[in-house]
Amino acid sequence: MATVAGWGPAFCRWKTPMADVAMQSPAVKAPTVHARTLRGDAGIAWLLTLPAILAYCAMILLPLLAVLALAFTDYEFGARSFHWIGFGNFADMLGDRTFSASIRNTVVYCLFVAPLSIGIALCLAVLIEAGARGRAFWRAVFFLPVVSLTVAMATAWQYLLHPSIGPVNALLRMVGAGTPNWLGSSDWVIVSLGFIGVWENVGFNLVLFLAGLTAIPRELYAASEIDGARSGWSKFWLVTWPMLGPTMLFVIIITMTRSIRVFDTVQTLTQGGPNNASEVLLRTIHQEGFHYFRFGYSAAITLVFLVIVLGLMLIQTRLIDRRVHYG
Amino acid sequence: MSGIVLHDIQKSFGATKVLRGVSLSVTQGEFLSLVGPSGCGKTTLMRIIAGLEAVSSGAVQIAGRDVTALRAADRDVAMVFQNYALYPHLTVRQNIGVPLMMRRLSAAERIPFFGGLLPGVAEKQRTINADVANAAEMLGIGKLVDRKPAQLSGGQRQRVALGRAIVRHPMAFLMDEPLSNLDAALRVTTRSEIVALHRRVGASTVYVTHDQSEAMTMSDRVAVMMDGLILQVGTPEDIYTNPQDLRVAAFIGSPSINMLAAEIDPHGRVTTGSVSIGLGASGHGPAILAIRPEDIAPHATGIAARIEHQEYLGESLLVHARVLDSGEQVICRLPPEKRRHVARGETVHLRPDPAKALLFDGDGRRLGSRVLSLEDAHG
């Protein structure tokens, strides 16, 4: 958009290009017009971005800063005053058995859910993609857990895994195997929650992998066939696996962050029990903040949680990203 | 018997018949082009030769062996794809080496890191690298072997694709429009390079293209395909001067052949627009006279036409004219110095050279014809 020299950009930016052309005086030198146009465009750009900037500040940046500040105080909800206690909250965490249990359980949960749900989803995606019929059907079947309400589904799981009346243990009794108390024993509870987590995540990862698979050029499979790749196995390693690299990176990041954020199944099925055996990071934050109203301590744990998530993403993007994008 | 032999190949996708009985034989070391408009089935035919597509009926023989039931990997053919189909995650060296890796190394030996520890693998890897280096040198891409496809230009990628094809000395080469993604200048130079490469390697080559000039300039023989059938197979000269089907005559040649409605009178003389053109044929009734632009020229006794437009091409002049009686469009190729003698809007009399004129019946089948002596023509 060209503007007339001498008119302020604040005014000019509201004019239409047609008006500009009509008002342009022949004496105006091109470079001046150009410089002013750029400034005017930049102004409009900032103006148009303003709502998003404000929303970002109000909803993400300010709360984050508030958490950052709270983490270094002993503020409790409803208290009339608070004190800056430096790294006091973080020092408390080191001796807090609930916190260390929740860190340990979250790590175990992640290491259980992420590889299993990614591996199973990849196998299913390759099978569904290779199958001639029913792709939409299988995709819908496996995607169902993603769109269903976890809290509602938790009731079903509670029934399925019930130690005495649950079908799972009934089946185990029939084959003469042991019948553990899935959600009630501290040995099994994190595995049981992990299975539910896998069940929840497989469908989501499956859809991502299916999208990644359809993006692989068919010609590459034809070329690999001509080049002598006889088995599906060798075609998978020659074409599918490397071509799925970018999808795989994305799936790993998404699954890791989703499983670190596990909360609803724990809260509805076990409330962190028995004896903190299923206490996870997000539930600890929730308990400290909304149960004990220790906002300062809760904020400090949130900060630890954020650092873990950001650290994971950084490692994954920095280390793997370079190796999965081929330009 | 060597080379590639196709017996009555039929192929349907659902209810659509793509190939309707194609028979063809490519002799050992021959360069044969399959040319035809898009959708004529030429790529399907090539994929059938490669083993990427199964036939509905018919048989494929390569080097005397019936390979109809064999998979692509077992047919000993190499293929160059239209979009090159290079593995983007592998370097040029690895890309060219893939066919050798897949054939010379077992599945266990191909496992990264671990496979290299097995006995004998290092030695095999050395011979593979040497063969790859040879192929890369032959194609002039020896310096690029450590790059990935994304870092190469279109022409370089094309060479890598060729390298991957020649590295294992296959019985047959299949090329699916390999030049269509190159710019015009590169396309012309690469044409002659592919022909030279074919001479050095000496394997039977089937080359699919929709570009008739590629087919004509590169091939020993050309097969013209249309609607799932091969209409004619012959040398480029044969196809150009002696087409057996009107569709072949119309497809080959640029600008395309002129077609004029004609009539064979009871005496066997061919007339068009009531002008006898000195051509005789057996039978009588309506016919189509086809004449190449270079075989029709101004002459006192020709067909009256009005000049509409002319194109100066440097080495020749194309005159576009419209026949006065019938409104048919005629293009005539003249020596460039005639430029001063023709002007838009003028009427000229154009006479087809009876020795070069081609006669077809209403169904597009070629009719026999002979040049009449002067007495016959007017008697």
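Helices α5(A) and α9(A) are oblique to each other, because their axes cross at roughly 40 degrees. Axes are lines fitted to C-alpha atoms, for helices over the stretch in contact, and angles run from 0 to 180 degrees between N-to-C directions. Helices (H or I, at least four residues) and strands (E, at least two) are DSSP runs, numbered from the N terminus. The crossing of α5(A) with α9(A) is right-handed, that is, the near helix is turned clockwise from the far one by less than a right angle. Their contact holds 21 nonpolar, 6 polar and 1 charged residues. Ala, Val, Leu, Ile, Met, Phe, Trp, Tyr, Cys and Pro count as nonpolar, Asp, Glu, Lys and Arg as charged, and the others, Gly among them, as polar.

The model is predicted: local features need pLDDT of at least 70, side-chain atom pairs count only at pLDDT 80 or more, and totals for chains, interfaces and linings use all residues. Residues are numbered from 1 along each chain as its sequence is written, while chains are lettered from A and ligands numbered from 1 in the order in which they are written.

Helix α5(A) also meets α14(A), residues 281-291. These axes come within 8 Å and cross at roughly 150 degrees, so the pair is roughly antiparallel. Thr98(A), Phe99(A), Ser102(A), Ile103(A) and Thr106(A) of α5(A) meet Leu281(A), Arg283(A) and Thr284(A) of α14(A). Residues are in contact if their C-beta atoms, placed from the backbone, lie within 7 Å. By class, this contact has 3 nonpolar, 4 polar and 1 charged residues.

Between the chains, 14 residues of chain A are in contact with 22 residues of chain B. On the chain A side, α10 (218-226) and α11 (232-243) each give two or more residues. The largest share, 6 residues, comes from α10(A). This side divides into 7 nonpolar, 3 polar and 4 charged residues.

Chain B is divided into domain 1 (4-243) and domain 2 (255-378), with bounds from an automatic or database domain assignment. Their centres, taken over C-alpha atoms, are 42 Å apart. Chain B also has an open sheet of 4 strands, in the order β17-β16-β15-β18, with antiparallel pairing. Strands pair if DSSP finds at least two bridges between them. The edge strands are β17 (329-334) and β18 (347-352). Strand β15(B), residues 296-312, is joined to β18(B) by 7 bridges. Arg306(B) has Thr347(B) as its bridge partner in β18(B).

Note on methods. Contact = placed C-beta atoms within 7 Å. Parallel < 35°, antiparallel > 145°, perpendicular 65-115°, else oblique.
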